Amino acid sequence: MRIRHALLAAAAVATLAACGGQQAATSSAAPAKQAAEAAPSGGATALTITDPWVKTTKSGMTAAFGTLANPTAADLTVVSATSTGAPRVELHETVGEGTQMTMRPKEGGFTIPAGGKLELKPGGDHIMLMDVKTPVQPGAEVGFTLTFKDGATMEFKAVGKDFAGANEKYQPGHE
């Protein structure tokens, strides 16, 4: 699959925790403006991701975010992911209310509707990196591969950014 790198732009960044929450503007790491594309099986038009980033960490868990856009006439479902930044990766959702937010694996993966978008964001759907052993530094590029329901894959890179915020609880094995 080919990767298209679009635009690198500097912007002020809000600070959030491993999987997110409320934003507070205290960091100014430069975000990557990137569009990655893959042609899923069957010759469909490419899925893209814009503004992919991953929260910096020394070790443990962290998460990746961005906006997936599906210009095709059919829904696309991401069922798994791998990363150069962690030996274990899960597709997560955040559920609950107020201060009782819980992260858990998203049953069935992420479905990006035909002609629609899915925002991977702190406090919502995200790609969770587990058992991180090598620190993710600000500005570092972390590689990802998404696998679709039909077996097609898509690669992209996300840029490390400093963030702090809400502390959701992790609910492992909720599949």
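This is a predicted model: local features need pLDDT of at least 70, side-chain atom pairs count only at pLDDT 80 or more; totals for chains, interfaces and linings use all residues.
User: What makes up the chain, helices or strands?
Analyst: Strands: the chain has 14 of them and zero helices. From the N terminus on, the elements read β-β-β-β-β-β-β-β-β-β-β-β-β-β.

User: Why is Glu-90 called buried?
Analyst: Its relative accessibility is 13%, and buried means under 20%, so Glu-90 counts as buried. You'll find Glu-90 in strand β7, which covers residues 88-97.

User: What makes the link between Glu-90 and Arg-88 a polar contact?
Analyst: Their side chains are joined at 3.1 Å, and the cut-off for a pair of N or O atoms is within 3.5 Å. That's how the pair Glu-90 and Arg-88 gets listed as a polar contact.

User: Where is Asp-125, and why is Asp-125 called buried?
Analyst: Asp-125 sits in the loop between β10 (117-120) and β11 (126-132). The relative accessible area of Asp-125 is 13%; the limit for buried is under 20%, so Asp-125 is buried.

User: How do you know that Asp-125 makes a polar contact with Lys-106?
Analyst: The side chains of Asp-125 and Lys-106 come to 3.2 Å, and a polar contact has to be within 3.5 Å. Leaving aside neighbours within four places in sequence, Asp-125 is also in contact with other residues, including His-92, Phe-110 and Leu-118.

User: How much of the chain is buried?
Analyst: Buried residues make up 47% of its 175 residues.

Key:
Residues are numbered from 1 along each chain as its sequence is written. Side-chain values use heavy atoms; hydrogens and water are left out. Helices (H or I, at least four residues) and strands (E, at least two) are DSSP runs, numbered from the N terminus. Buried means under 20% relative accessible area, exposed over 50%, partly exposed in between (1.4 Å probe, protein chains only). A polar contact is a pair of N or O atoms within 3.5 Å; within protein, one must be able to donate a hydrogen and the other to accept it, and residues adjacent in sequence count only if both atoms are side-chain atoms. Contact means heavy atoms within 4.5 Å.
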